[in-house]
Amino acid sequence: MRYQRPIGTQDVTPEIAPEWRSVEESFRQLAARYGYGELRTPVFEDTDLFLRSVGQETDIASKEMYTFEDRGKRSITLRAEGTAPAVRAYLENHLDRTDKQRLVKLFYVVPIFRYDRPQAGRYRQHHQLGIEAIGSPDPAVDAEVISLAWNFYAQMGLTGIRLLINSVGCPSCAPAYVEKLKQTLAPSLPELCESCRRRYVENPLRMLDCKVDHDRMAAAPKLVEELCDECAAHLQQVLAVLGALGIPYEIDHTIVRGLDYYTKTAFEFQIEGIGAQSALGGGGRYDGLVEKCGGPPTPGVGPGMGLERVLLARQQLGQTLPDDRREGTFIVALGDAVWTEALKLLQDLRLAGLKAEADYRRRSMKAQLRFADSELFAQAIILGENALARGIVGLKDLATGEQVEVARGELLERLK
Ligand code: AMP
């Protein structure tokens, strides 16, 4: 019996792990530079947290969650999105305690689980690079999280990115718009796709981002034209800061995001050429969420960026890590007499913080050197019985092929 990984998941093998790690590390470093601290939450949460926050009528809650009952008969759900757990942790750990006016800035790199139909760029376990800025209604904070994401994509070498931005209003202006939208679309309801007909009843705003009836939705009434004064001013200020920061944007009134908790700013980053799944990342403001999760009224804003989509886009654009970077030392032991010495040297190098390896198959020198070269080691140390007796080893530069003799005692200094 041979097992296979579950459909819609990926193994990150040592071959591709450096590329994953490099993207994750770049994100961590950039987030830290913007003053965001790392948050790690459990892989599973109470099911209710997701139901209450994302909304029962969303795709996530209605058909995509990995939900099960644990042995204590509690309903548990694997992390279905990143923001609700972050808000839960923000409240539970009293991250706002020191100063009620404080802006709490969090980032995370986490797996997300959704029972989606797998295809290129869409998985049942994917990973998100997330940012949450909790505690400020200031439009400059919306612009900060957007600019962080924008600059991250730029740093990843991704070109041709579009920032689509919209406002989904607030409880004082969105409901009237939703009614207007329903009235406008009611006569054509029988011609709309099945999912639009369902959303008409359950989650009308979501009809706007329908892929099937896109043209019709583009012509529907626009929420950006019906915003209350506060929401309209907020959007204008976000756009003004983006303009000042030199970040190009397009207003797109069909960007409404999938989840119930968004208010005001909603945005998405798209890129051409990675197939149907062109959404690189997205997010928005969630001024009602902290309260919904049992806390005091507290505004928040942040994006989630799909890690796999960044990797896919980098691959399509030929931006992946160059795989010709040599590193480390391969120790070639010539004969059994020097084998123990080779193992000691191996440990010395590793403890000195250097990458080092030896050949446990103890093949011929030629085979070992060929292997060390193909594995992109920077140099080989050749341990021969006679030379070693004189305190000398051979040091071969694997890129140039040049070989010199070095005193065993000076080796560490030389390699550092
Ligand atoms: P969302 O939480 O749905 O707003 O998604 C944020 C980002 O995560 C998207 O823009 C995608 O880049 C990525 N993403 C969402 N769902 C998937 C999935 N099933 N597979 C891979 N990436 C995804």
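Which ring does the charged end of Arg124 sit over? The ring of Tyr115, at 3.9 Å from its centre. Keep in mind that this model is predicted. There is another case of a charge on a ring. Lys182 lies over the face of Tyr200, and here the figure is 5.2 Å from the ring centre.

Next, Arg285. You will find Arg285 in strand E10, residues 279-285. Is Arg285 buried or exposed? Buried, because its relative accessible area is 0%, and the cut-off for buried is under 20%. Its side chain has polar contacts. One goes to the side chain of Asp142, at 2.6 Å. Another joins Arg285 to the side chain of His234, at 3.4 Å.

Now the aromatics. The structure holds eleven aromatic pairs. Take Phe152 and Tyr153: their pair is tilted, with 5.9 Å centre to centre and 50 degrees between the planes. Both of these residues, Phe152 and Tyr153, are buried. They also belong to a cluster linked by ring pairs, together with Phe27, Phe107, Phe267 and Phe269.

Then look at Phe330 and Phe371. This pair is edge-to-face, 5.8 Å centre to centre, with 65 degrees between the planes. The two residues come from distant parts of the chain, 41 residues apart. Phe330 is in strand E12, residues 329-333, and Phe371 is in helix H13, residues 365-374.

Phe371 has 27% relative accessibility, so Phe371 counts as partly exposed.

How values were computed. Residues are numbered from 1 along each chain as its sequence is written. This is a predicted model: local features need pLDDT of at least 70, side-chain atom pairs count only at pLDDT 80 or more; totals for chains, interfaces and linings use all residues. Side-chain values use heavy atoms; hydrogens and water are left out. Helices (H or I, at least four residues) and strands (E, at least two) are DSSP runs, numbered from the N terminus. Buried means under 20% relative accessible area, exposed over 50%, partly exposed in between (1.4 Å probe, protein chains only). A polar contact is a pair of N or O atoms within 3.5 Å; within protein, one must be able to donate a hydrogen and the other to accept it, and residues adjacent in sequence count only if both atoms are side-chain atoms. Rings of Phe, Tyr and Trp (its six-membered ring) pair if their centres lie within 6.5 Å; planes under 30 degrees apart count as stacked, over 60 as edge-to-face and the rest as tilted. A charge sits over a ring if NZ of Lys or CZ of Arg is within 6 Å of the ring centre and within 35 degrees of the ring normal.
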